[in-house]
Structures are given as structure tokens and as C-alpha cells.
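Look at the structure first, then read on.

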Amino acid sequence: MWSPTKTLRISTAGVRGLAGRGLEAEHALDFGAAFAGLIDADGPILTARDTRASGRMLVEGVTASLLACGRDVVDLGITSTPVMQHAIRGLHAAGGISIGASHNSAEWNALKFLGPQGNYLGTAEAAELLDIYHLRRFPFVTWDKLGRRSEAPDAVDRYLDNIAAEFDLAALGDVRVLVDCCNGTSGAVLRRLRERSRIDFVLLNEPEESVQFAHEPQTTQKAVERHLAPLVKPTGAAAAFLFDLDSDRVAMADEHGVALSEELLLPMLADFQLQRRRGNVVLANVSSTALLEEVAQRYGGQVHRVAVGRQAAMDALSAHRAEDIALAGEGTGAVMLPQFRFVYDGVAAMLAVLTMMKERGRTLSQLMADYPRYSMLKCEMPLRTRRLPEMLHQLEERFAGERQHRLDGLRVDFVDGPAPVWFHVRVSQTEPVIRIICEQRGEAPRQLFEELREMVGGWQ
Amino acid sequence: MAAREHLLKIGVSGVRGVVGGFLTPMLAAKFAQAFGTYTGHGRVVLGRDTRASGPMLEHAVTCGLMSVGCEVVKLGVMPTPVIQTWIAETKAAGGIALTASHNPAEYNALKLFNHEGLFFNQYEREELLHLYHQSEFSRAAFDDVALAWEEGEKPVDAHIARILALIDHEAIRRRRFRVALDGVNGAGSLMSIRFLREVLGCELHAIHVNPALPFPRVAEPGPETLGELAALVQREHCDIGFGQDPDGDRLAVADERGVVMDNDDVLALAMDAALHRAGGDVVVNLTTSSVVDAVAAKHGRRVFRSPVGEANVVERMKVVHAGVGGEGSNGGLIFPSVHYCRDSYTAMALLLDQMARTGSSIHQLQEVLPQFTRRGGKVRFRHGTLGPLMQKLEARFAEAAMDHSDGLKLNIGDSWIHVRASNTEPLLRVAVESPSTERADELFAEVSAMLAT
């Protein structure tokens with residue numbers, strides 16, 4: 001049962017909770033020291049945060065512990081997670097701690113841990129971090145070996161150098177792009193990108209805010225529809241993008257002001273990458289649209305499905321050769337281009353979409369018309385039962401004979417029907433809810449969806 | 001055992017310890033949380049001396065304060081007295097100085113101040129300690145985490161302005177004193193240069209005034225540690241030499257001959273100057289020399305004695321509305337017209353003020369003070385033996401006027417003996433004073449022998 005006093009989640013994905021109501025100063029201090037114990041590589045450890053007020057407090061705690069354990073700290077201030085991930089490589093840092101709660105509302109915050117390649121920690125490393133945290137044996141040094149703190153004010157520019165090496169920014173010039181920054185970290189990055197390219201960014205909700213954002217920074221079709229889509233036509237933009245607070249996720253609307261499903265970014269960029277013959281494997285989780293398979297088939301590519309969550313994607317990524325990967329991502333607008341193998345990056349995803357429009361000489365709505373319609377239904381139900389194994393078993397029994405995956409909850413694919421249909425039922429890692437997702441090529445699978453809601457609801 | 005007790009001390013005077021596995025960032029943050037919970041929401045002024053561990057602790061304390069909803073006013077490297085003044089100037093809720101004062105570089109500590117910029121009194125300190133142990137702190141919600149900001153030079157300006165209002169600085173400037181300074185690369189280094197050279201118009205010869213470098217000598221300023229300063233005074237033919245401690249509250253002085261003066265005499269001379277500028281009585285600790293009584297008598301003021309420790313002296317000063325106070329052996333002058341804080345800047349200004357006003361050299365001023373011989377030492381004792389030892393002393397000196405407010409003080413005619421236990425170790429500190437050198441040696445030898453058995 002959800003209650004405001006039970007918001008702390010410490011897992012291999014990081015540390016997350018309501019600031020001051022679960023996620024406390026102690027966690028910043030203890031995890032800063034534990035991270036110093038985990039990281040063997042030489043070099044400084046970077047810190048950065050999104051615009052949240054509680055980030056100020058957390059970054060101080062992380063810094064104190066890193067210094068106390070003899071690690072030099074380079075602070076990037078308020079900046080996006082992708083900027084930090086690039087800076088870890090650029091500055092030959094040993095790792096980084098990113099403080100920010102991404103798409104969650106302002107009262108949340110989180111600590112995210114990045115390794116020496118700018119990568120999120122793999123599950124094994126993250127588990128070791130938790131062991132050090134629980135053991136509470138931290139590698140403090142004597143007073144004459146303490147770390148020193150400095151700042152790296154040019155991290156955004158170094159990041160854009162890497163971006164400019166991958167995208168032909170000059171060729172993208174003179175296009176008007178509407179962006180909702182959600183009062184997060186994307187504003188500063190895009191202002192600088194505007195100066196360095198001829199892209200005519202029109203930025204909404206650009207000021208960095210600390211306790212109240214213009215709206216929840218969810219990168220969903222619904223959010224785009226409500227907050228961004230109505231402004232596309234009045235501004236004459238060719239496309240519109242909405243970023244979450246730390247700019248790793250993005251959602252979009254076309255030139256007519258139609259909000260696009262958040263599921264479409266992944267297939268679209270799979271199309272972009274596979275056409276360029278950059279690898280032939282698309283990594284996606286079991287909750288993402290089946291359109292991916294259809295697009296991949298056009299180019300003879302393959303889709304590898306993994307469990308939901310960044311961690312599973314990271315583990316799967318490290319099991320593949322870099323040149324085989326065409327794309328990795330989630331149906332939440334978090335996409336990783338293999339050129340930047342280690343980072344989910346909303347800005348890079350946006351530039352890939354703009355490049356695709358330019359190269360194919362088509363508008364965003366025309367590009368979308370290339371893809372058949374898939375209809376997805378999603379819902380979340382409060383988690384009120386502990387008998388989850390029985391619940392999942394009941395679903396297995398009910399749909400015996402269909403193709404079933406028990407990778408992460410239960411996914412069932414109905415392969416024999418007139419149109420491809422699948423559903424996925426799983427427990428969220430971050431919130432006490434059960435998520436139900438159903439998708440069908442063409443019309444929405446309403447009947448199946450209702451049946452699932454009823455079955456799952458029966459266990460509540 | 002004794003060594004371990006020494007590495008970390010959490011007590012009524014705050015937290016002090018060796019940085020590393022003992023004074024950890026977690027512990028500092030937790031103490032800051034207790035402090036912030038105790039003072040309540042509001043601005044907390046935070047500054048530090050130049051110790052290598054200062055920045056680390058500053059981040060930890062900032063984290064702790066913010067987590068309980070305090071705004072943090074960061075002064076960065078700043079002398080402790082300036083931090084205290086700024087708390088009062090800005091009506092902050094309280095303040096923390098990160099400094100182990102005269103202790104070695106591996107130590108650091110949190111010095112805690114109330115909303116007036118004063119040490120907490122004994123009862124407040126105990127309350128805070130209970131709160132720390134209870135560990136039930138306020139928790140700032142996401143929209144309640146306040147800002148941290150920096151103040152630049154404003155606190156220094158304010159502190160200097162307070163001092164200048166109380167002395168004749170034009171007279172000091174006219175004299176163009178030749179002044180030597182050993183700043184121990186401490187928090188006051190840059191302020192001292194500005195204060196002595198630009199504000200008071202002295203011809204300054206300064207050493208160890210780079211806050212980025214480690215302490216070049218034992219941090220406590222005194223006759224044994226200021227050899228370089230004494231040589232500098234001689235080489236540059238200075239009128240006076242000043243030696244500071246890392247957080248700028250303590251002061252030791254070399255006279256124009258290059259002789260480092262007795263700290264009790266320095267206190268007496270600064271008090272003489274202060275009593276020329278302000279009314280009120282005098283408060284010193286029990287171990288401070290009787291030379292102070294002579295100075296007070298000259299001005300027709302009374303002398304009150306308090307237990308050892310700046311907090312105790314200040315507490316008594318407030319009660320009796322004292323005009324000046326201090327602690328002899330520590331070289332600390334407290335002049336409440338500036339602020340109730342031990343302050344090397346006020347002491348420097350008052351000594352130069354006295355020299356300018358009288359036209360005498362610092363040695364000439366010292367020469368007219370009555371002469372006392374002081375002897376002091378430390379004796380180790382076993383826990384549990386203290387009571388019988390003290391009773392033995394009382395029986396031996398039954399004719400003495402006794403004071404039990406801090407250990408045992410025996411006033412025997414114009415001589416006295418003070419024996420008190422250290423706060424941190426099983427050590428007895430013994431101090432003896434007499435106008436007669438033979439009598440002082442005799443008393444010290446006898447007491448030492450009694451305590452050693």
C-alpha cells in the first residue's frame with residue numbers, strides 16, 4: 001500500500017524517494033561513501049543535478065563523502081544526465097553521481113550512479129554498491145589525503161562537440177523547432193545548441209525551476225497533447241519536443257500539432273538506424289510496441305526483448321558487440337543511439353528525428369504515415385496483494401496455449417488471431433502499482449484489456 | 001585508552017575529532033541536523049578555517065542544515081570572531097564555525113553559536129546534545145529546502161567597522177607602526193593584511209599569510225611556537241609582532257625586542273586599553289593571572305572569575321554586564337563592545353591604540369605591570385583517584401580561600417594554586433602563581449609531588 005512515509009526505493013537502479021520523506025541527507029552521505037568504495041578506477045568523480053531544490057542538499061552530502069574518501073569531485077552544477085555521461089568520458093573521470101528524478105514531479109529525487117565509461121552500473125556492480133552501503137564500511141582517508149572539489153563549466157560545450165561530430169548540425173539549419181523544457185536541464189543545453197547551429201529553437205518553460213514545474217515532466221503523448229501540441233501551429237514549428245527534467249527522455253508532436261504516441265519514437269529511430277546499416281539488433285523491453293518487429297523486418301533486423309527498466313537494457317547491451325546494436329530503448333521516450341552507446345539522450349533522439357526528416361525530405365506527419373497503426377491500452381492498478389505469484393499463475397492458466405514470456409511479470413503474445421495482439425502484466429519497480437499493457441495492430445484490444453483489468457482487480 | 005578517547009569528542013562543547021574514520025561527514029551532518037533542529041528554520045551562518053578538511057566538512061554540514069530546512073549563509077574561509085559578528089549583524093538563527101582552533105591540522109571541530117553569535121550556555125549545550133542522541137530531526141520537504149549563498153567581503157567589513165568605532169584609529173595611522181605578523185596560513189591571513197596595512201596604516205611585515213598552504217608551525221601561538229615571528233621583529237626593527245591561531249580568535253605578541261610576551265601580560269595590556277574605552281567590570285577564568293586584578297584596580301573595576309572556557313567566560317560576562325573579559329593562558333580577549341567573542345583583531349587594535357595613546361612601546365607598557373611568576377604542568381591520574389587527591393590538597397592548604405567552581409582553586413594570600421581535570425583526557429592541569437619566584441617554585445613542586453603519588 002502506498003503511503004507517504006514509504007517512498008524510499010534502494011535498488012540496483014539507484015536510490016529514489018520523496019525528498020525529506022524517504023530520501024534523506026543520510027542516503028546522499030552514505031551512498032557517496034559507498035560509491036567511493038565501489039569505484040576502483042583513478043580519476044575524479046563527477047556530480048550533477050537537475051533543477052530540483054532538494055538536489056542542492058543531496059549534492060552537498062554526496063560531495064562531502066566523496067571528498068572524505070579521498071576522491072576528487074568535479075561538479076557540473078545543474079545539467080542534464082547525458083551531458084554528465086559524456087563528461088565522464090571527456091574528463092577521464094572514474095564515474096559520476098547524477099542527482100535528479102527525471103520524469104517524476106518536483107517532490108521526488110534520486111541518486112543515479114554512473115561508471116567510468118559514463119554507463120549506468122550493471123546489475124552486478126550495482127549489487128556490490130548496495131553491499132558496501134549495507135555493510136557501512138567506508139574507505140575514509142586521513143586529513144592530508146582528502147579529495148578536492150572543482151567545477152567544469154564547459155561540460156555542455158564538450159557534450160555538444162560530441163553531438164556535432166555525429167549530426168550535421170549545419171544541414172539541419174533554418175528549421176523551427178518548438179521545445180517544452182519543463183523547467184528542467186534541457187533549456188541550457190538547447191540555448192547553447194541554438195547558438196552553435198542554425199536550428200530555430202522556440203523554448204517553452206525554459207527557466208529552471210526548483211519546486212514547481214509548469215507541469216509534470218512526463219514524456220507521454222497525453223502530456224504533449226495537453227501542454228505542447230496546441231502551440232505548434234501558432235508558432236509554425238516543423239516539429240515539437242517535450243523533455244523530462246534531466247533530458248534523457250523525449251516525446252513529440254508533428255507539424256500539425258498532433259501529439260504522437262510515446263511508443264513511436266523507438267520504431268522511428270529503429271527505421272533511421274537500420275536503414276543506415278548501423279547494426280541490425282534493436283534492444284527493447286517487453287512492454288514496447290510490436291511495431292518494432294514490423295519495422296525491423298523491413299531491413300532484416302532483429303528485435304531483442306528484455307525486462308523493463310534501464311538496468312536490464314544495460315545488462316543486455318553489454319552482452320552484445322557494439323557494432324551489432326542499431327538502437328536500444330524503452331517505450332517511454334528513452335532512446336540510446338549506438339554512437340553514444342552508454343547514454344539515453346533525448347536531445348540526440350530529437351536530432352535523429354530532425355535528420356531523418358531532412359534526409360528523407362518529408363515532414364514528421366509524412367514520416368509517421370509510413371507506419372501502420374498499432375493501438376495500445378495501458379493502465380496501472382494499486383498494488384494491494386502480496387500473492388503476486390498466484391495472480392500471474394492464474395493469468396498463465398487462463399491463456400495457456402499462447403506464447404508466454406516470464407521475463408518480467410507475464411507477457412503473452414496471441415499469434416494466431418486476425419491481427420497480432422499481446423499483453424504484459426508486471427509490477428512496477430519504482431511505485432507500488434501493477435501495470436497492464438495491451439496492444440493490437442489496428443484497433444485497440446478493448447475486450448482483452450477489460451478482462452485483464454478484471455482478473456488483476458480480483459486480486460486487489 | 002587515552003589515545004582513543006582523544007580521537008573523537010562529542011560533548012557539551014560540540015564535536016571535535018581527527019578527520020578520517022572518526023570525524024566523518026555523516027557525523028558532522030548529523031550534528032548539523034541536531035543544531036538546525038534546535039535553532040529552528042532560519043538562516044545559519046557557516047564558515048571555516050584553512051584546514052584541509054574544511055571544505056569536506058562544509059559540504060557535510062551544509063547538507064545536514066539544508067535537510068532540516070535551514071538556509072545556509074556560506075562565509076567560506078573566515079575568522080571565527082567575524083563569523084560570530086555576522087550572525088549578530090544579520091540576525092541569523094545561529095552559526096557554525098568549522099575549526100579546531102589551536103589544535104593540530106588532523107583535527108577539526110564544529111563550534112556552535114546561538115542567534116546572538118555566542119556560544120550556547122551550559123543548559124542549551126546539554127539540550128542540544130540530548131537532541132543529537134535522540135536523533136529525531138526536522139525534515140525539510142522538497143519545497144522547503146532553502147538556498148545556500150555566499151556573502152563575499154561584507155562580514156569582514158562589518159567586523160572591522162565595529163572595531164574602528166571603539167578606538168582612535170586615526171591616531172594609530174599617524175604613528176605608522178612597523179608591525180610583524182605570523183598568520184599561520186590561517187583563516188585570518190588575508191583579513192589581517194588588510195586590517196593592519198590598509199585600515200590601521202601600519203608598515204606590515206607578514207609571514208605565513210597564504211590560506212592555501214598548510215600550517216607552518218604548531219597552531220597554538222605562544223612563546224614556544226613564534227620563533228620566526230620574533231626573528232622577523234628583530235630583523236625588520238618592528239614595534240610589535242602579532243601571532244594568530246588558525247581561526248583568528250587567539251593572539252600572541254612579540255615585543256619590540258623580539259621577545260614573545262607572556263599571554264597573561266598581553267591580556268592585561270589589552271584589557272587596560274579596553275577599560276580606557278569602555279565601562280564595566282572584568283571577567284577572567286580561574287587560571288588567569290592576578291596581573292589582571294592590578295589593571296582592573298587601576299580603573300576602579302571589579303574582577304569576576306569563571307570556570308575555564310570561552311563559553312563560561314562569556315556566560316559570566318553577560319550576567320555581570322562586564323566591560324571586558326578573557327582567558328590569560330589562551331591569549332584571548334573578549335571585548336563585548338565589538339562582540340562577545342574571543343577576537344585577535346580587537347586585541348591587536350587595542351594594543352596599538354594603547355601604544356598610540358600613551359606613546360610607550362609595548363615592552364615599556366609591560367614593564368609597569370606588577371610581576372608574577374607562573375608555573376604550570378600536567379599530571380596524569382587514574383580515573384577514580386581524583387576525589388582523594390583533591391581532598392588531600394584541601395587538607396594541606398586548609399587556610400586557603402577555596403573555589404570549587406572548576407576543579408580546585410586555592411587562594412593563599414597573594415599566591416594561588418589551580419588544579420583542574422582536562423575535559424578530554426585523564427590529565428590534571430596544575431597552575432601556580434606568586435609574586436615571589438621562590439614561593440611559586442616551592443608551591444608547584446609540592447603540589448606536583450602530592451598529585452604524582
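The report covers the model, the interface and a group of rings.

## The model

This is a predicted model: local features need pLDDT of at least 70, side-chain atom pairs count only at pLDDT 80 or more, and totals for chains, interfaces and linings use all residues. Residues are numbered from 1 along each chain as its sequence is written, chains are lettered from A and ligands numbered from 1 in the order in which they are written, and side-chain values use heavy atoms, with hydrogens and water left out.

## Where chains A and B meet

In chain B, 29 residues are in contact with 30 residues of chain A (heavy atoms within 4.5 Å). The buried area is about 2,400 Å², and carbon and sulfur atoms give 72% of that area. Buried area is the accessible area (1.4 Å probe) that two parts lose on being put together, summed over both.

Three salt bridges are counted between chain B and chain A. Each is a side-chain nitrogen of Lys or Arg within 4 Å of a carboxyl oxygen of Asp or Glu. Glu26(A) forms a salt bridge with Arg139(B); their closest N and O atoms are 2.8 Å apart.

## Paired rings

Across all chains, the whole structure has twelve aromatic pairs. Rings of Phe, Tyr and Trp (its six-membered ring) pair if their centres lie within 6.5 Å; planes under 30 degrees apart count as stacked, over 60 as edge-to-face and the rest as tilted. Phe31(A) and Phe113(A) have ring centres 5.7 Å apart and planes at 35°, so the pair is tilted. Both residues, Phe31(A) and Phe113(A), are buried (under 20% relative accessible area; exposed is over 50%, partly exposed in between; 1.4 Å probe, protein chains only).

Ring pairs link Phe31(A), Phe35(A), Phe113(A) and Tyr133(A) into a cluster.
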